[in-house]
Amino acid sequence: MELILASTSPYRRQLLERLAIPFTCEAPAVDEKPLPGEAPEVLASRLALAKARAIASRFPAALVLGSDQVASIAGDCIGKPGNHQAAAAQLRASAGRRVSFYTGVALVARSRQLELTALVPFAVEFRALAEEEIQSYLQREQPYDCAGSFKCEGLGISLFERMIGDDPTSLEGLPLIATNRLLRQAGLPCP
């Protein structure tokens, strides 16, 4: 059965490649705006399923994997900063605080009437950050396309006091433990 990753994210593609399963990527056209009053974990789950369903409607015989990640501070969603100023503001707001990440994963096969989902929470506690550290980090790594304004797989790890969760790959955008479990449930052999 063909596996399609409903994403054009290079981070998710690199993560899924670790499972050594052949797959292709397709871009889902999904409105990612939160609904009024929508909790971060609900948003992540809804968007992961919407992305998988969008591609599954075009490829009904395929097994489609969708994922979405939402970051929040004290229940308020924070997105991808997009630029240096917004990233600096996010890191200032995160300094000395816990930031929660919710990564939704969905596996859909329309021809089999299959929909499997998982939600993986993860949190990081940031250490106190001086303005010089924030500016230096952002200039070196430029994580403007990353929710929370850091790359934990890179220099961003130096911003943390600790990490809390079961699957650190969820912090990178695709929780491989949950993904592997869903693929096995769907009958796709995984190493």
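The following legends describe close-up views of a predicted model.

Because the model is predicted, local features require pLDDT of at least 70 and side-chain atom pairs count only at pLDDT 80 or more, whereas totals for chains, interfaces and linings use all residues. Residues are numbered from 1 along each chain as its sequence is written, and side-chain values use heavy atoms, with hydrogens and water left out.

**View 1. The largest nonpolar core comprises 23 residues.** A nonpolar core is a set of buried Ala, Val, Leu, Ile, Met, Phe, Trp, Tyr and Cys residues joined through side-chain atoms within 4.5 Å. Buried denotes under 20% relative accessible area, exposed over 50%, and partly exposed the range in between (1.4 Å probe, protein chains only). The residues with the most contacts inside this core are Leu3, Leu16, Leu63, Leu65, Leu107 and Leu183. Two or more residues each come from strand S1 (3-6), helix H1 (10-17), strand S3 (63-73), strand S5 (98-109), strand S6 (114-126) and helix H6 (176-185). Helices (H or I, at least four residues) and strands (E, at least two) are DSSP runs, numbered from the N terminus. A second, separate core of 22 residues includes Val99, Phe122, Leu138 and Leu159.

**View 2. Leu107 and Leu114 are in contact with each other.** Contact means heavy atoms within 4.5 Å. With neighbours within four places in sequence set aside, the partners of Leu107 are Leu3, Leu63, Val64, Leu65, Leu114, Glu115, Leu116, Leu182, Leu183 and Ala186. Leu114 belongs to strand S6 and is buried, with a relative accessible area of 16%.

**View 3. Helix H3 (residues 84-94) and helix H4 (residues 131-141) cross at roughly 135 degrees.** Their axes come within 10 Å; axes are lines fitted to C-alpha atoms, for helices over the stretch in contact, and angles run from 0 to 180 degrees between N-to-C directions. H3 and H4 are therefore oblique to each other, given that angles under 35 degrees count as roughly parallel, over 145 as roughly antiparallel, 65 to 115 as roughly perpendicular and the rest as oblique. H3 contributes His84, Ala87, Ala88, Leu91 and Arg92 to the contact, and H4 contributes Glu131, Ile134, Gln135, Tyr137, Leu138 and Gln139. These residues comprise six nonpolar, three polar and two charged. In this classification Ala, Val, Leu, Ile, Met, Phe, Trp, Tyr, Cys and Pro are nonpolar, Asp, Glu, Lys and Arg are charged, and the others, Gly among them, are polar.

**View 4. Ser149 lies in the loop between H4 and strand S7 (160-165).** Ser149 is buried, with a relative accessible area of 0%. Apart from neighbours within four places in sequence, Ser149 contacts Pro81, Ala87, Gln90, Leu91, Tyr137, Leu138 and Pro143.

**View 5. Helix H6 has buried residues covered by several elements.** The buried residues of H6 are Leu176, Ala178, Thr179, Asn180, Leu182 and Leu183. Their cover includes S1, H1, S3, S5, S6 and helix H5 (169-172). Just after H6, Gly187 adopts a positive phi of about 90 degrees.

**View 6. Leu171 is located in helix H5.** With 6% relative accessibility, Leu171 counts as buried. Beyond neighbours within four places in sequence, Leu171 is in contact with Gln69, Phe101, Phe122, Val124, Phe150, Cys152, Phe160 and Met163.

**View 7. Ala20 and Ala74 each have a positive phi.** Most residues other than glycine have a negative phi. Ala20, in the loop between H1 and strand S2 (24-26), has a phi of about 55 degrees and is exposed, with a relative accessible area of 63%. Ala74, in the loop between S3 and strand S4 (76-78), has a phi near 55 degrees and is exposed, with a relative accessible area of 66%.

**View 8. Ala54 sits in helix H2 (residues 40-58).** Ala54 counts as partly exposed at 24% relative accessibility. Excluding neighbours within four places in sequence, Ala54 is in contact with Pro28 and Val30. Ala54 and Val30 are 24 residues apart in sequence and 7.4 Å apart in space, C-alpha to C-alpha.
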